[in-house]
Amino acid sequence: MNKKTALGAAVALAVVAYGGATWYLGQRAQASYQEALEEVRKVLGAETVVSQDYQKGFFTSQAKVVLQWTPPASADASEPAPQPLRVVVNSAVRHGPLAGGTLAAAVVESRFALEGLDAKAGTLLAKAQAPTLTTVHGLTGSHHMKLIVPAGELGDEEVTMRWQEMKTEFSVSGDRTQVKGNFQWPELAFSGVKKASDEEEAQDEAPSRFAMSFKGMNGDFESQIIDDLWMMAPGKGTIRFAQIDASNTPQGGTASTLLALKDLLGTTTIERNGKLLSMASSLKGKGLVGPVDFESIGFEEKFQRIDADVVKTLQVAMVESYRKDGLKAMASEEDSGKLFGLLADNAQRLAAALPAYSMKFVATLGGQQGEVSYGGEITRAPSAEEVTQAGWGPVLLKNATFHADVRLPKAWLPQLAKAAGQEEFKSEDVDGMIGMAQAAGYVRQEGDNLTSSLKMEGGQAKLNGRVMDLPNFMR
């Protein structure tokens, strides 16, 4: 065989091999699509998928699925029955192993459209474009997805929301045990008319307009994939904000700043130890809260020793409720009552894990730091008999500890008083207020700070070390 013949045979073999791989991966893409639809049916309910079609080709395929929800009916019988809302998903599937220049089993580009909108909803969404989702199915079973929401706006004269293009990317490992991703949302803003209260209307005060914006949002996350544990799956994430602004503008008046924070960093970590979960979150930044310009401001929140099986039970109940009644479940007092009842039924198991909760707010102003913290934990799991005899309230007071602590720099008081609307706040007024609070035992002076500490333990409450009388219903 000469060289030309050998080369031609090699090329032909490569073409056949590629064609075979394309055919095989096309089969896999269709199978994966059907598997994904089954997952949708499991989560959203079989009746949600009203139609689906898959037209398989050699190099590409076309797929279409229609999802439908019926909004809950109004309590007002005179209003017409709501029309079903349909989401139509059209997908173009490019088969691998070279799918559009990408080495992958398949690349799927999905576009979304809404059907069944009434005239009002159509007007609200006139300036919004449908999102697109690009999914790359890896040769080893992994998946990488990119969701892009084009810049747009929706709303009416009363409420408006607008945004710049938002992009979210995430990947799922081949064994479907890990997910990680990131997002970039340059700006999201909304505004709405704040209607006057009855008292304001009586004084002929015009409604004002409230506005809030989030700029420079981005973050990343990674988490384990655990069945029935999607609300508190172990993992971690961060979120950043370049700026958060909020203002209120009276009709015909000047806008007043409610909030102007910048350089915010938030973190969340969820860990699992056996059957117990813990979650820690924090947010730190700086800027204006009203007229007060803080050099730093933030909070730290912790949930500890939460029974994972109880969380799973609640999540399963939520999904089953949705499958049964769809969107009606979200507005149903009956279903909400069932969830609270389920929580009460599992309270004994929750308490047995000795859960704890804490929250701390910290801020710096004028070089001095103040903080407020509170929390509690169950120190001993009560028996079912104790709960039956006394009820959860008294039992928890005897088998748990609660605390609330405040440390406030004295130098803050004039600025805080001014923020509350008191322009004139003399030093003698400050001393008088502190003196009365000290005499009543509410605060203590520790150097340049005012402190106060409340602790409840073993059915007894102490304020700054002094025993307090509890109301009868708390004993």
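Is Lys 286 buried, exposed or partly exposed? Lys 286 is partly exposed, with a relative accessible area of 33%. We'll come back to this residue in one of the close-ups below. Keep in mind that everything here comes from a predicted model.

**Figure 1. The whole chain, before we zoom in.** The protein chain has 475 residues, and 31% of them count as buried. Its secondary structure comes to 11 helices and 24 strands. Now look at contacts between residues with a separation of 6 or more: 55% of those are made by residues 24 or more positions apart.

**Figure 2. Inside the largest nonpolar core.** This core has 14 residues, and Ala 29, Tyr 33, Tyr 54, Val 65, Leu 67, Val 87 and Val 93 have the most contacts inside it. At least two core residues come from each of these elements: helix H1 (3-44) and strands S1 (49-56), S2 (60-69), S3 (85-95) and S6 (106-115). S2 gives the largest share, four residues. Take Val 65 as an example: leaving out residues up to four places away in sequence, its touching partners include Tyr 33, Leu 37, Val 49 and Val 87. There's also a second, separate core of 12 residues, and Val 149, Phe 214, Ile 244 and Leu 261 are among them.

Figure 3. Strand S13 (residues 208-224) pairs with strand S14 (residues 235-250) in the antiparallel sense, over 14 bridges. To find your way along this pair, spot Ser 223, which stands opposite Gly 235 in S14. S14 also runs antiparallel to strand S15 (residues 256-273), and 13 bridges join these two. Here the pair to look for is Asn 248 with its bridge partner in S15, Ser 256. S14 and S15 form a hairpin with five residues between them, and in the turn Gly 252 has a positive phi of about 80 degrees. A handy thing to remember as you follow any of these: in a regular strand the side chains alternate between the two faces of the sheet.

Figure 4. Met 145 sits in strand S8 (residues 143-149). Is Met 145 buried or exposed? Met 145 is buried, because its relative accessible area is 14% and the cut-off for buried is under 20%. Apart from neighbours within four places in sequence, Met 145 is in contact with Leu 133, Thr 134, Thr 135, Thr 168, Glu 169, Phe 170 and Val 172. Gly 181 is 36 residues away from Met 145 in sequence, yet their C-alpha atoms are 9.1 Å apart in space.

**Figure 5. Two arginines with a positive phi.** Neither residue is a glycine, but Arg 176 has a positive phi of about 55 degrees, and Arg 305 has one of about 55 degrees too. You'll find Arg 176 in the loop between strand S11 (166-172) and strand S12 (178-194). Arg 305, on the other hand, is in strand S17 (residues 292-307). Arg 176 counts as partly exposed at 47% relative accessibility, and Arg 305 counts as partly exposed at 28%.

**Figure 6. Salt bridges across the chain.** The structure holds 10 salt bridges, and this view picks out some of them. One joins Arg 94 and Glu 109, with the closest N and O atoms 3.0 Å apart. Arg 94 lies in strand S3 and Glu 109 in strand S6, so this pair ties together parts that are 15 residues apart in sequence. Another is where the side chains of Asp 263 and Lys 286 meet, at 3.6 Å from N to O. That pair links Asp 263 in strand S15 to Lys 286 in strand S16 (residues 276-289), 23 residues apart. Lys 275 forms a salt bridge with Asp 309, and their closest N and O atoms are 3.2 Å apart. Since Lys 275 is in the loop between S15 and S16 while Asp 309 is in helix H4 (residues 308-325), the pair ties together parts that are 34 residues apart in sequence. Lys 275 counts as exposed at 53% relative accessibility, whereas Asp 309 counts as partly exposed at 22%.

Note on methods:
Residues are numbered from 1 along each chain as its sequence is written. This is a predicted model: local features need pLDDT of at least 70, side-chain atom pairs count only at pLDDT 80 or more; totals for chains, interfaces and linings use all residues. Side-chain values use heavy atoms; hydrogens and water are left out. Buried means under 20% relative accessible area, exposed over 50%, partly exposed in between (1.4 Å probe, protein chains only). Contact means heavy atoms within 4.5 Å. A nonpolar core is a set of buried Ala, Val, Leu, Ile, Met, Phe, Trp, Tyr and Cys residues joined through side-chain atoms within 4.5 Å. Two strands pair if DSSP finds at least two bridges between them. A salt bridge is a side-chain nitrogen of Lys or Arg within 4 Å of a carboxyl oxygen of Asp or Glu.
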